[in-house]
Every structure is written in C-alpha cells, then in structure tokens.
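Here is a friendly walk through one structure, with the cut-offs spelled out along the way. Please have your viewer open as you read.

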Amino acid sequence: MLAILLTLATAGVLWIIAKSIIGKQEEKEISETLLKRTSMLSIKIDRALYERYQNIILHARLLVDQNVLGEPEALGRHLDALKQFHEGYAWIGYAGRDGKVLAASDGLLEGEDVSQRSWYIEAIKANYVSDPHRALMLENKLYVDGPEPMRFLDIATPVVVSSKEIVGVLGAHIDWRWIKSMTERMPRRERSDFMIVASNKAVLLGPSDLQDNELPASMARTLEQAEAGYWVARWPDGNTYLTGFSRSGGYRNYPGLNWFILERQRIELAYAPIYELLGQLMLWSLVVAALFALAGWITARRITKPLLVISGVAENIEHGDTRAKIPSMRTYREVAVLASALSRLIAQLTQREAELEHQATHSVLTQLPNRTLAKALLEQAILLARQGNNPLAVMAVGFEGYRRINSTLGNLVGDALVLEISKRLQAASAHATLCHLGEDEFLLIVHDHDALLMETTTISSAITDACTQPFVADGTPYYLRPSMGISHYPKDGTDAGTLLGNSEIALHEAQTHGGRHIEFYEARMNSLVLQRIDLERELRAALRGGQLELHYQPLVSLSDDRLAGVEALIRWRHPERGYTSPAQFIPVAEATGLILPIGDWVLHEACRQAALWRKAGFPSFVVAVNVSSRQFGEGNILERVSSALSQHGLPAQCLKMEITESMLMQDVERAILTMQDLIRMGVHIAIDDFGTGYSSLSYLGKFPINELKIDQSFVRNLLQDADNAAIVRAIISLAQSLKLGVIAEGVETAAQVDFLKHAGCNIMQGYYFSRPLDPGAMTELLHARQGGDGQVS
C-alpha cells in the first residue's frame, strides 16, 4: 500500500513539474505570438496609410510647382495617374477656395460643392485624416460589389501657393475595402478573427455581431490601460477567447488614428498545443509511475535526488531561463526516460518558435528571404557599405511570360517554375544575397566587392545564360525571359525602401523592352512611369473609341505591273496630338498586354476591308498583317486567324502573316508547328525584316514559309554601301535557291528599283510607288489601276 501511495505521489509530482515547465511557458509564447501579429498588422496599416498621407501632401506641392491648378484637364490627368499608380484610392479630387471640385480622378464629383464636408472644413486649416465613414454622393457614382455598403477614410491637405496663401484642398477617399484586404492577407491562427477598433471603442472591422458596435466596457478599459497586451475573457457571443491587441501609433509624420488592432481565437483552439503536450506528459507520467511501483518504496528514496534536479530546471525555465536543460541521467532508467521525454518536449517548443520566426521572414515556396527580411538585409548591407565607404547594388529580376503561364495553367505549374527559377538564380549569383519578393520577382543584393559594376554585369550575364534553356514543369518546357532593373547605393538612394523601389522602377522600364533586357535606374524613370501610365490609359480609350486606323501600302510586281498585294499598317489618330507614331505606342502595348486586343482588331479590320474589295469586283490580292511576338506565342493564333477569316468571308489565300525572324527563334520547334498549321489552312507566311535577326540557314530551310522581305535598312543604302548591296544580292539568291518569293521594302528611288530588278527581285513596296493610304484613297488607287466602277465602303 505504501508503495502504491508513493507511486501515485510521484506521478502527481511529475505532472506538476511538467505543467509548470510546459503550461505557463507555452501559454506565454502563444499569447505573445498573437500580440506580435497584431503589432505587425498595426505597423503594416500605419505604413500603408503613411504612404497615402505622404502622397497627398507631396502631390499638393507638386501641383503648385507644375502650375497646373488652373488647368483642370492636366490636373485631372495627374490625379488619374496618382490613383492608378497607388493601390487603395477610391477617389482623389481638388477643390478650390469656394469648395467646388475643380478636378477629380475619373471626373467623379467635378463641379460638386464639398465646402460643408468635414474633410474640406478641417483640411482648409491643416492636414487631416479621418476614421471610415459613408459618402453617399461618391458611393452612388461608384460600382459597389456585393451588399456591403462602401466606406471611406479621408486624407486631405491644404494647397498652399508660394505667397503662403491657401487656394484649395487636395483630398482623397481611401477605400475601406483596401484596409480590410490587408487584414485578410495577414497570416493568422486557425479560425482566428482580426478586428480594428476605433479610439472611441467602436468596432470598425470585425465579426458581424460586433461590427459598428462598441466593445464591452471591461474590454474597453483593458485597451486604455496599455499600448499592447493580451487577455482571456468571455465575449458577447458566449465563447471564451484569447485576445491580443496593439495600439496604432502612426508612422513618421503620419499621426495615426489611435486605432486598436485585435486578434482573438477561441481558447480551446489557442491552447490546443498545450493540452496535447500535457496529455503526452500525463501518459509518460503514468508509465513512469507504473515502473516506480515495481521498484517499491526503497527505489523511491533513491530517485528523490534526480527529481529535485529536474524540478530545479523546471523552476529555472518558469523564471524565464529558456536555456536551462535537463542533464542526461543514466543511473536510473526511469529517471532517464523522464528526463529524455521532457528534454524532447522542450526542444520541440524551441524548434516551433524558430519555425514561426522563419515563416514570418521567408518565402513559403522557395524558403528564400521574403520582402520583409529583404528590407532588413538591405538596411544591414547599407550600414556596412556606409561604414566602409563602399558601393552597393540592388538588382530586381522579373520573368516575361510567367504570369501568363500561371494564370492559364494554374498555381501548380507556376510554383514549379518559380522553384526552378530560384535554383538557377542561386547558381548564377553565388556572391550575392538572393531574396524572393513574390511570384516571379526576385532581388539580389551585391556588396563587398571592389569592382561592383563588373560584378553586377557578371551576375546579369550569368542569369541570362542560366535562363536560356527552357524551364520544365510536369514534363513540359516553358520559355521565360529575364529582365533586370539595377539601382546603386548611394547614387540612387541611401535607405532600403528607396533603393528597392528604384530597382523595381528600373525593372518595369526593362520589361517594356521585352525579355533579356537590363536597365540601370535613372531619375527620369519616375516621370517616364507616369508618362507610360498616361499613354496606356489613352491607348485603352483609343481602342474603345475608334481612334485606331489601318492604312494600306501597295506591293507592286514589276514583271507584269500588277498589284501583288497590300500591307496593313496601324495608325493612331489622337484627338489632340493627331497621328501618333507606332514606334511610340506599340512598345507600351507589348508591355501591358494591350497588343493582344489591338492585334485582334488589326486582323479583323484587315480581313473585313479585303473582303469588301473582293465584293466590289477588284481582282484578288493578298493583304499582309504584322504579327507581334505575344500574339504568335499565345498558343491560340490559329483560332484567332480562323475566326477572322470565317467572320468576314475572306479566303485564307488572301491573307499573309508577316513574322520577324527574331520572333521565330524564341521557340523554334513550336514556331515550326504553328507555321505548318497556318500553311495547311492556306495562309501565306513571310519572314519580315529579314537579315536583321539571328536565324541560322539550317533553321531557315526548315521554316514552312512563302516569302522573305528584305529589311528597308539594307535597301536604303544599297547604292552607297557595297556591303549592303552584297547582302541584298545574297538574300535574293538565297530566296531563289529555296524557291521562296522575295520582297524589297522601303524602295524610294528609281535607281533602287533598277538595282533590285537586275538582282532578281520583282516585288517591291515603298514611297517610290505609294505611301500608305487610308481605305478610301486605296480604293481610288484600285479604281485607277482597274478602270472599274466598283464601290467599297
């Protein structure tokens, strides 16, 4: 009996020791983890609102400096660009001294009187930020997705001219759904709730039963007593929650709104790991107690001493000494088992804490440092560079084609590609710090090197070479082309945010030129980004508003003086600037993806006009259409061409697709298959700008094509440059040997015509014969050549 009592007492002691070691420590860590996440969300929201607050203040000064306050259209373009470039704005407007809105993003509320709005009344005196509220006048003009009413947070500032006179207010409504989306993107515990509580203790964001209601008085008092903390209490829904909170204190010159950020989790879910570990410990305690029962009361006395050691370690851990360890005890098997079990559990807790820290600072997919850690590493690198008076480079890397593949084929293929990209980048940048910012965007920090420019050039070349081979996912090859943007410390910035932002601006500039392009940051790029945004917006309006036109340049056959065809050339008739050069807007269309709808419009319009000429009785001829690399690489070019031909009733043999040789070399095997399908359909194919790319003769023999077009750069100087003349003869001879047609473009003089004709080229186009003509003028030319009276409209 005494032995049994001693055994039960021992099991109880072990349970108490385990609970003191595990319970309180785990409770504290779980609660502090909850508190840390609320602090992270508070900082994230404050920094995001600081950026919008700073944007409005800086743009108020910028509008004065650029003297556009009296030009509503220019002012509206500035506000549209600001709204499009920065996430979160629902509306931005400028109101004059009389309270009338002179200009606003998307033209909303222009002419309205806002002089009685609180944001205008307060901002006419000083900078102003408000809690979220309804704005029915604006809400009625915006599309509301879902039953939830829209709410807005106001940021406004007085606009002061050089004479210190306040001439108006620049104000913005921040879409509350943007703030809400930040909370939804935050990592959270299982079935936990994030809440935002105003300074008056009203719930701005939270569960439906609490939304727009005040917190219980006891909880409100807890919030007032500290800047951050946690508590366990019963909420109005009858459940008990572990709740962590942090007070929003603003950021830099942004004063903040004194919000409280809360995260709560049902107590049984929050402390589930504790219950599980304590259950394991109870099981071990019973096992050890059973073993002790076999030894009896004599062994119990001998075990007392090692148990006291374990208890002492437990007390040390309870008092905050997490480095304390239970020593290895081999004298008694039972004690050794207990010590080993408790040591494993303590190690599990330590490992779990390390894993949580790793997840917060590293990409889940690639395990590389994420954007948060990248900024910290960059700040550290800047500090070292400043101390040693050394340069520093930041390289942002993105991949053309990834987002199309990811959106088309899904995240499984996209994630596999990102993993392969990260492996190749690590191999190509052994002397740099590699970070994964998200999706296909990576960052390299290059430092501690005497020849920094040489090092960045070496890494850039290595990355380009590493990405030449196709990326394989699920057995399928994909071609991705890297672009790089580079900024330097201290020339392009002296803090992590500026350097990182400038490298991403340079990357954006590089991506407008297509893949395998590198750009070094320049101050002018900031204004170029705004200009490109304006041009993109205007180009979208042009596509919708019928501002795009096709002009047609004749192709003349000298052997029989007939019209061999026409080439369709796009033109943009801007309502203010007149005709805008394709060289100015086509690169923007390529970079933004607008080239796809523009290319479809060109294809359909050319087929429509060619079909009208056929119906008018003109002899059949081929209309040539230029194809962009993105159109050709999208994978559904066959369906697009077939749709255009069938919709307008044009035979396939009346359509020619002009494709550049550099475009074909991006994926030769796939290009050959696509061209074979087009040829079988009956469509003609010509290689455009031949001689300017990098195709090999071995591939040229495999391409299923009908014609080669000699680039105008060779034709222009063939009479003055013997090398150009030799190249032209060689191209004509090559085409004849491959039994291909050959066309010379850019012909402008009779001497050029004579040279090309004697060299064996009989089909030409250029200003010598005709400039590109609009459809009406082209129809008149057809009449003149035919002598007929068909009408084409």
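## Salt bridges between loops and a helix

Aspartate 212 counts as exposed, with a relative accessibility of 52%; here buried means under 20% relative accessible area, exposed over 50% and partly exposed in between, with a 1.4 Å probe and protein chains only. This is a predicted model, in which local features need pLDDT of at least 70 and side-chain atom pairs count only at pLDDT 80 or more, while totals for chains, interfaces and linings use all residues. Residues are numbered from 1 along each chain as its sequence is written, and side-chain values use heavy atoms, with hydrogens and water left out.

What does aspartate 212 form a salt bridge with? The partner is arginine 151, and the closest N and O atoms are 3.2 Å apart; a salt bridge is a side-chain nitrogen of Lys or Arg within 4 Å of a carboxyl oxygen of Asp or Glu. Arginine 151 sits in the loop between helix H4 (136–139) and strand E4 (152–160), and aspartate 212 in the loop between strand E7 (203–205) and H6, so the pair ties together parts that are 61 residues apart in sequence. Helices (H or I, at least four residues) and strands (E, at least two) are DSSP runs, numbered from the N terminus. Arginine 151 is buried, at a relative accessible area of 13%.

Glutamate 224 forms a salt bridge with lysine 201, where the closest N and O atoms are 2.2 Å apart. Glutamate 224 belongs to helix H6 and lysine 201 to the loop between E6 and E7, so this pair ties together parts that are 23 residues apart in sequence. Lysine 201 is buried at 8% relative accessibility, whereas glutamate 224 is partly exposed at 48%. The whole structure has 25 salt bridges.

Which residues of helix H6 (residues 217–224) are buried? They are Met219, Ala220 and Leu223. Seen down the axis of H6, these buried residues fall within an arc of 100°, so they line one face of the helix; the arc is that of the directions from the helix axis to the C-beta atoms. They pack against strands E6 (193–197), E8 (228–234), E9 (240–247) and E10 (260–266), with contact meaning heavy atoms within 4.5 Å. H6 runs at about 165° to E8; axes are lines fitted to C-alpha atoms, for helices over the stretch in contact, and angles run from 0 to 180 degrees between N-to-C directions.

The open sheet has five strands in the order E7-E6-E10-E9-E8, with antiparallel pairing; two strands pair if DSSP finds at least two bridges between them. E7 and E8 stand at the edges with a single partner strand each, so one side of each lacks a neighbour in the sheet. E9 and E10 pair over seven bridges, and threonine 243 stands opposite arginine 264 in E10.

## Nonpolar cores

A nonpolar core is a set of buried Ala, Val, Leu, Ile, Met, Phe, Trp, Tyr and Cys residues joined through side-chain atoms within 4.5 Å. The largest one has 79 residues, and Val641, Leu655, Phe703, Ile705, Leu708 and Leu756 touch the most other members. H17 gives the largest share of this core, 10 residues. A second, separate core of 41 residues includes Ala60, Ala103, Ile196 and Ala198.
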